[in-house]
Amino acid sequence: MVTEQLDRRAELTRLQILQAAARQFAHTPYSLVSLDDILADANVTKGALYFHFRSKHALAVSIVEHRTTRGQKAVEDVLARNLSGAETLIDLSGLVAAEDIGDPVARACLNLVESIGRADGLARRVLNEWVQGFAGIAKRAIGEGDFTADSDPEGIARLLVSIYLGVRQTSDLDDPPRFLNDLEHSWRLAMPGFVEPERLSYLNQFIRRRTAVGIKKVAPLCPRTERQERHDGTPGSI
Amino acid sequence: MARQARSELTRQKIITAAVDLFSEHGYPATGLGDIIARAEMTKGALYYHFDSKESLAEAIIDDGGSAMLTTFRVITETSSPALENTIHGLFVVADFTRSDKVAQIGMQLLRTFSGINAAATRVYTSWLEELTAQLNQAADEGDLREGLDIAGAAEVILGSMLGAEALSRATATGTDLRERVARTWDLLLPAVVSRESLDYFREFLARESLRRTKAAG
């Protein structure tokens, strides 16, 4: 009984540290995040942190793993809705976007995949899982006649994941309307490449309607003002 | 804690036995004695949980009703547009009433006890509230006709879904509920959906047959 309680307490502390770290990694580049900032935010001792995580890197990897496990649950929820394959892919992409915009752990996860992921095969593993998951659904969409019979499910999946990761770089997660519109435009440009022509107008509207609802519902992680400074240097902005 | 869990298990066992018997012989022909025998327990155990056959029916109506509502909410809690969720959700509920025995018998008892039993009223009220909330959101999202009476529309939708279930049940096979729900929506769409969204929703409805293929396979 007592050990059970201790285990629970330890698990809670671990989660507290993970979440505090995620809040840091969501906004600050990996190399600039200090363990002291995480400690202050999580309100735990250095000993507690090192008890759970050997290093900053171990902490970062744990965030990615925590997120991907939780992400699988969310994916199952979308699959349980029983929509067609094409609709499911659009909804999943929207879900990834909504969480990336509003949830520090999700945001930190993809930031870390981009920054430290190249080093030890972490990105390959995470992105491969994502591509394989999408490929299975794309295959269904081909069977249902939404995607053209001659298209390659894995090719489509790879393209859709690339689009998401690309828009993540070129657009702005802290400006949800812009981000969701940019994502929608990329999908609409890509879809004629693999969607049956007579299904295209329906699926375009399907996306449009979700973008509209998403813009209304999603709240960004941090206030706009903080971000505007960061934009000053980027090409294309005023 | 352990005792509570055991007691809940007993209650479930009684409900399962009752649902089986009601579906084999019908509610009127089933006696409490049959249920006790099927559940393999004592009269005392049954009377501890239910003081009459009607209170057992009430429990089944409640359980079936809340299972159906939970099924619907799994769909409506997502961030998709509310009217899409409502239409798709009602198809999913229709499938669910076909596959889930408690929901199936719950629906039959619901009809039997309408206006007599508080559980029946609870089920209807919670569905009306749920549908009204969804339609209000759909109006916000611009999918409903201007000036549509939301509460009235929720009643018509609920009424026609319950009616479709009753008619489908009355046929020999009872397997055509999906088609009936589709026909009902086909007629309801122009009455509730805004002109700009109507074409989209006609296609959305047509695609329910595509989703069915997947649900079956």
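Author: Helices are DSSP runs of H or I with at least four residues, numbered from the N terminus. The model discussed here is predicted.

Reader: How far apart in helix H10 of chain A are A:Tyr202 and A:Phe206 in terms of helical turns?

Author: Both residues belong to helix H10 of chain A, which covers residues 197-217. A:Tyr202 and A:Phe206 are four residues apart in that helix, so their separation is about one helical turn.

Reader: What kind of aromatic pair do A:Tyr202 and A:Phe206 form?

Author: The search of the whole structure gives 13 aromatic pairs over all chains. For A:Tyr202 and A:Phe206 the ring centres are 6.1 Å apart and the planes make an angle of 40°. Planes under 30 degrees apart would count as stacked and over 60 as edge-to-face. The pair of A:Tyr202 and A:Phe206 is therefore tilted.

Reader: Is A:Phe206 buried or exposed?

Author: The cut-off for a buried residue is under 20% relative accessible area. A:Phe206 has a relative accessibility of 0%, so A:Phe206 counts as buried.

Reader: What kind of pair do the rings of A:Tyr202 and B:Tyr200 form?

Author: A:Tyr202 has a relative accessible area of 0% and is buried. Its ring centre lies 5.0 Å from that of B:Tyr200, and the planes are at 5°, so the pair is stacked.

Reader: Which helix of chain B holds the partner of A:Tyr202 in the pair that crosses between chains?

Author: The stacked pair joins A:Tyr202 and B:Tyr200. It crosses from helix H10 of chain A, where A:Tyr202 sits, to B:Tyr200 in helix H10 of chain B.

Reader: Which residues form one aromatic cluster?

Author: A:Tyr202 and B:Tyr200 are both buried. One aromatic cluster is formed by A:Tyr202, A:Phe206, B:Tyr200, B:Phe201 and B:Phe204.

Reader: How much area do chain B and chain A bury between them?

Author: The contact takes 21 residues from chain A and 23 residues from chain B. Carbon and sulfur atoms carry 47% of the area that the two chains bury, which comes to about 2,000 Å².

Reader: Which residue of chain B meets A:Arg209 in a salt bridge?

Author: The count of salt bridges between chain B and chain A is five. In one of them a nitrogen of A:Arg209 lies 2.6 Å from an oxygen, and the side chain that holds this oxygen is that of B:Glu84.

Reader: Which helix supplies the largest share of the side of chain B that touches chain A?

Author: Across the interface, 10 residue pairs are in polar contact. On the side of chain B that touches chain A, at least two residues each come from helix H5 (82-99), helix H7 (118-140), helix H10 (195-206) and helix H11 (208-216) of chain B. The largest share, five residues, comes from H10(B).

Reader: What is the distance of the polar contact between the side chains of A:Glu87 and B:Arg207?

Author: A:Glu87 is placed in helix H5 of chain A. With a relative accessible area of 0%, A:Glu87 is buried. The polar contact that joins its side chain to the side chain of B:Arg207 has a distance of 3.3 Å.

Reader: Which residue's backbone oxygen lies 2.7 Å from a polar atom of the side chain of B:Thr184?

Author: B:Thr184 is in helix H9 (residues 177-192) of chain B, and at 16% relative accessibility it counts as buried. Not counting residues up to four places away in sequence, B:Thr184 touches B:Ser160, B:Met161 and B:Ala164. The backbone oxygen at 2.7 Å from its side chain belongs to B:Arg180.

Reader: What is the phi of A:Asn82?

Author: A:Asn82 lies in the loop between helix H4 (56-80) and helix H5 (85-102) of chain A. At 18% relative accessibility A:Asn82 counts as buried. Most residues other than glycine have a negative phi. A:Asn82 has a positive value, near 70°.

Reader: Is B:Glu40 buried or exposed?

Author: B:Glu40 has a positive phi of about 55° and is not a glycine. B:Glu40 lies in the loop between helix H2 (32-39) and helix H3 (43-49) of chain B. The relative accessibility of B:Glu40 is 68%, and the cut-off for an exposed residue is over 50%. B:Glu40 therefore counts as exposed.

Reader: What percentage of the residues of chain B count as buried?

Author: Chain B has 11 helices and zero strands. Its C-alpha trace spans about 60 × 35 × 30 Å along the principal axes. Of the 217 residues of chain B, the part that counts as buried is 47%.

Note on methods. Residues are numbered from 1 along each chain as its sequence is written. Chains are lettered from A and ligands numbered from 1 in the order in which they are written. This is a predicted model: local features need pLDDT of at least 70, side-chain atom pairs count only at pLDDT 80 or more; totals for chains, interfaces and linings use all residues. Side-chain values use heavy atoms; hydrogens and water are left out. Contact means heavy atoms within 4.5 Å. Buried area is the accessible area (1.4 Å probe) that two parts lose on being put together, summed over both. A salt bridge is a side-chain nitrogen of Lys or Arg within 4 Å of a carboxyl oxygen of Asp or Glu. A polar contact is a pair of N or O atoms within 3.5 Å; within protein, one must be able to donate a hydrogen and the other to accept it, and residues adjacent in sequence count only if both atoms are side-chain atoms. Rings of Phe, Tyr and Trp (its six-membered ring) pair if their centres lie within 6.5 Å; planes under 30 degrees apart count as stacked, over 60 as edge-to-face and the rest as tilted. Buried means under 20% relative accessible area, exposed over 50%, partly exposed in between (1.4 Å probe, protein chains only).
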